[in-house]
Structures are given as structure tokens and as C-alpha cells.
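Trainee: Could we go through this structure together before the group meeting?
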Amino acid sequence: MSSTFVEAAVGVMVVLTAVEARADHDDPAGPQLTDDTAFTVPEGDVKLGLLTLEYGLLDQLQVGTIHLFDLVLFPNALVEWQPLRGSWGAVSLAGGAAYVHTRLAKQFFEDLPIADLLILPVEVLGTFSVHPQWSLTAGTAFTGMFVEGTFNDDDFAGAAAVSNLQLHATLEWRISSLVAMQLHGRYLVFQTAGATAEADVMADDFTSIRAVAVAESDILDFPHAFQVVPRFHFSWRTFNLAAGVGYGNPVIPFVNFVLPDRFVLPELDFYWRF
Amino acid sequence: MTSTVGRQGDVLLLVVAGCTPGVEKPTPPDLSALVAAYEVPSGTFDAAVVDQVQADLLDALEDEGAVGVGDVLDDLFSPLEGDAPQTSPAAEIEVRDDKTIRIEGEGFLEVARTCDGWGTEPRPDPEHGRLRLNVNVTDVTVDPVLWFEAERCRYLQQEDRVELGAGRRRDVGDVRIFVGDKLTLGELRRAPVLIDVDATASFDGGDTFEDVTFDLRLLPEDATFEVRVEVEDGHLIVRAIDDEIVVVRAANGTFTCANGACENARGDVVNLR
């Protein structure tokens, strides 16, 4: 790594630390980090990020959407309700819904099968302030994904359901008003698939076969799938940046689908909050 | 999925119970009584019933020969055999155009076969009628009972014009087939099958439909078949190759027959001629 690069990076860090932060990580009454915690965006605040757009409808109720998915004709909605909050922390219930009918996307991707997809994630989170500078979040997330469609020119149709349950925890250390560190971990409890399929084919000139079946499989269940990601979170007046490197099984956002192989997981996220 | 969630935590049972799509399999006919009859004969085989046994055997041969149910089943099972009949799982059927149907789990197949017709060459014409076979599948094996319905099915049986139609008893299926447990689709053609026929048929292209009701058990690997013969004190199960009796199973033992005589393990002998 060249010395010029290192000097530039240090210079940027010095400048950044001098700017007033909005997150005020070390202020328990101030805005808190909301990703992977039970805290919600305060009433009237907007959080616009790389993936999501969230709005504080009430102090304890936020709504949002993954705008990138909306752009690719995958409408979705997010909601998080925080029924309990105090100096000790908070508890929240989060959920979402996304629906897509691939007929629209088929205009751009001809080989896409005609299918309806419905994705329903639900999550329960609890954040506990164990120290003025430390908090611990624990949560459980269940996601159901349902697919129904036809394939191969209507010869084959079916419906599938993929569901998974994950446990996650985040340890947060609020180092300064600018910087916080989070250690985030996830563990896959189960991930299963079930499907109903129907096929109509001609076996030969005399014989047609209609096959209907439902099957459950644990083929998508990867025992002991996990990920651990430490990251630093920098908060300025409106701009927030999170970066880190972890290891484990990748998880597809929103659908929470866990992939089988383990990798080094670089993480980069940024958003504005105003 | 319900059982999976049950292992992970009952609190989520209701949430996930409905996640997996379901399929309702057709209800098969009940062949339990007939299966039991073929498993356990109740009658006595002795010299007094030899003539009746031989007469009933000839009647069964005549019935089966008239409609050729064995050949009909062969036509129905052939498309289900797949590419590797001995090793493929229950429902992996390779059909033309490189399509493969594979079922592992709960499901069913409805096989509709257009009949050959009465012409010199078989031709798939809707005018020839059809047969509709129902096969239920569980995990990787076929459920024990299959059945098919005959819808004015026209075909040649040993050069006779046959039209097979629905039976008059209005039970499920016109021909009901018991194949036993743990059988895959690829094994159906060679497996012993117990057949219960309740159909009607016209012969020589006539308009009159006669009742065709009989039961028998086909054992393709041995080229033999078994028929149920009612005697005064119960029933016997007679195995034959064509019209030659080879085994008689009775309440008084299993008789192996050769050269016109049948003998059981106790040394009891019954002469056939």
C-alpha cells in the first residue's frame, strides 16, 4: 500500500472526526442506530440509504421500502413498531411484504417464467442498554417466501414456499459521538422448502400425463450457517457510513435467504438522515 | 414443515403450519378384502373340488383372454417406466422433448391413454376412446392401489374387436389394481399385480355391452397368474401357466402340482386327472 494512499486516508479520517455528528452515539437520548436494533427512526425523520427509504411516522412507528426493489418492479413495504421503550432499551416488532408478478419484468427478461412471488418477513427485536456506551440487541427473524407460477409454456406450473428462521445479535459500543462499533452475528435455525408442482406433458402420441405433487425438502437447510460481521459506524450531521468485514454465509436482504457457502463478507452501507 | 418447526420450537407452529402448499390425492378404491383373500385361502383342496378348480381356471382364462387386461396394463405402465426403470425413484418419468417429471413427496399422476382402435395399425384417434389411470405417490414409492376408468376404449384383442366401458357397480375405477408397497413407477410392469375388474365390454364391434367382472393376480416375472376359486368351505388360490395348474394354496396347505398330481408338505396328494 503506497504511503500516499495511507496519508490521504489518515487525512480524511482527521477531517471526518472533526465534523459534528448527528447520531451522537454517546448520548442515550439522541438518535440511535436503527439497523439491527430495536430503535426506530424518530417521528418526522427520513432515512434514505443505499437500499432503503424509511420514515418516522410516529416516534415508535416507522415505515419504509427498499427503493431499489421498487425500481425493478418489486413493490415492497416495511414497518417497524416499537411498543416498549425506556432508558433500559426497547422492543420492536418489524415486518414487511413484497409482491411481484413477473409478467411486467418479462418485458425486459424474456426467459423469466410467469410467476407470482410473495415475501413476508417478520422480526422481533430487543435492545438492552447494558452500559451507557454499550448495548446488546437480540432478535429472531422468520421469513416466508411463496412462489406460484407457470414454466415452460404452461406445461409446468407450481407453487413453492421457502421459509427460514434466523437468530441474530448485535453488540454495540458507542466509542464517541461520531463512531460506534457493532459486532453483528446471525445464525440460521432452519431453512426449508416446500412446493406443489403440476405438469401436463405428452409422453407419446397416445399418452398424456398430468402430474401433481407436493414435496418438502431440507435441501436448502444448511446446518450451522452463520455470519459474524464487525463494522464501524460513522455518523455526521446527516450522512452516515457503515463499513466492515466479516465472515460467514451471505444473507440476501429482505428475503433473508441464506446461501450455502461461506465467504469473507465485506460490508458497506451509507445513508442520509434528516 | 410442521414437524420441522415442532423440533425447533412450538411457539412458531401455527405460523408456519400453513406455509407448505398442499395437494389432495384422489381417494383410491378399497381392495383390502380382496388382498386378504389372495393372501389367506380359506377352502379345502381335495379331490372333490378338482373339477370345479379346473373349470373356474378356464373361465378366468377366457375372461382375461377376452379383454386382455394384462396387455392393457402394459400399455398404461410403459410410458411411466422412464429411462432407468430399475433405479429411478418413484416418479421420475422422462417423456419426449427432454421433459422429465419427477415427484418425490405427496402427489399423483393422471395418465390418459387414447386407445389403439380397431384398425390394422394403432392410431391415436379420440374416436377410439381412452383409458384414464390414476397413480398416487408417497415419498418415492407408488401407493399400493391404482385404478383406471375405461371410456369406450376400442382395441383389438387377439384380432377380436373389443370396446371396454364403465362397470355397473359404480365403485371407484373400472379396473382396480393392487401393486403392494415400496414399488417405484419403473417397477410396475414387472411387479405382481392383483387386478379386480368391474367393467363392461362389447365384442366384435357390437352394441351390446356385457358385464366383465373377475379378479386375478398376474405374476409377469414367472409368466404365471393366480385366480380365486370359490369352493364349498371357502376359497382357494390357484396358480397356473396358461391352463396348467402349478400351485394350489388352500387352508389345508400349499400344493405343488406336476404331472397331473398335487402334493402338499404333509404328503397329501390330489390328482388333477
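What follows is a talk about the chains, pockets and cores of this predicted model.

Trainee: Let's start with chain B; how many helices and strands are there in it?
Mentor: Chain B contains five helices and 17 strands, and buried residues make up 48% of its 273 residues.

Trainee: And what share of the contacts in chain B with a separation of 6 or more comes from residues 24 or more positions apart?
Mentor: Residues 24 or more positions apart account for 56% of those contacts in chain B. As for the surface, chain B exposes about 13500 Å², and carbon and sulfur atoms supply 45% of that area.

Trainee: OK, what about the inside: which residues have the most contacts within the largest nonpolar core?
Mentor: That core has 70 residues, and B:F45, B:L80 and B:L133 are the ones with the most contacts inside it. Its largest share, six residues, is given by strand β10 of chain B, which covers residues 193-203. Apart from this core lies another one, of 14 residues, including A:F74, A:V100, A:I119 and A:M145. As a general point, nonpolar side chains tend to be buried together in soluble globular proteins.

Trainee: Let me stay with B:F45; where in chain B does it lie?
Mentor: B:F45 is found in the loop between α3 (32-39) and α4 of chain B.

Trainee: Why does B:F45 count as buried?
Mentor: B:F45 counts as buried because its relative accessibility is 2%, and the cut-off for buried is under 20%.

Trainee: Which residues does B:F45 touch, leaving out those up to four places away in sequence?
Mentor: With those left out, B:F45 touches B:V50, B:V53, B:L236, B:V248, B:A250, B:N252, B:F255, B:C262, B:V270 and B:L272. Take B:L236 from that list: B:F45 and B:L236 are 191 residues apart in sequence, while their C-alpha atoms are 7.2 Å apart in space.

Trainee: Switching to pockets, how much space lies in the largest pocket?
Mentor: The largest pocket holds about 1200 Å³ of space. It is lined by 45 residues, of which A:D35, A:D36, A:R186, A:P253 and A:F254 are the closest to its centre.

Trainee: Which strand gives the largest share of that lining, and how do the lining residues of the largest pocket divide?
Mentor: Strand β15 of chain A, residues 263-273, gives the largest share of the lining, with six residues. By type, the lining of the largest pocket divides into 22 nonpolar, 13 polar and ten charged residues.

Trainee: And the second largest pocket, what is its volume?
Mentor: The volume of the second largest pocket is about 500 Å³. Of the 25 residues that line it, B:E64, B:G70, B:D71, B:L218 and B:P220 are the closest to its centre. The elements that give two or more residues to this lining are α4 (50-67), α5 (69-77), β11 (210-219) and β12 (224-231) of chain B, and α5(B) gives the most, with five residues. The lining of the second largest pocket divides into 14 nonpolar, six polar and five charged residues.

Definitions and conventions. Residues numbered from 1 in each chain as written. Chains lettered and ligands numbered in written order. Predicted model: local features only at pLDDT ≥ 70, side-chain atom pairs only at ≥ 80, totals over all residues. Heavy atoms only, no water. 1 Å grid on protein atoms, 1.4 Å probe; cavity = no way out; pocket = protein on both sides within 12 Å on 5 of 7 lines; lining within 4 Å. Points joined across faces, edges and corners; volume = space filled by probe spheres on them. Helix = DSSP H or I, 4+ residues; strand = E, 2+ residues; numbered from the N terminus. Nonpolar A, V, L, I, M, F, W, Y, C, P; charged D, E, K, R; others polar. Buried < 20%, exposed > 50% of the residue type's maximum accessible area, 1.4 Å probe, protein only. Contact = heavy atoms within 4.5 Å. Core = buried A, V, L, I, M, F, W, Y, C linked by side-chain atoms within 4.5 Å. Areas by Shrake-Rupley, 256 points an atom, 1.4 Å probe, with all protein chains shown as cover.
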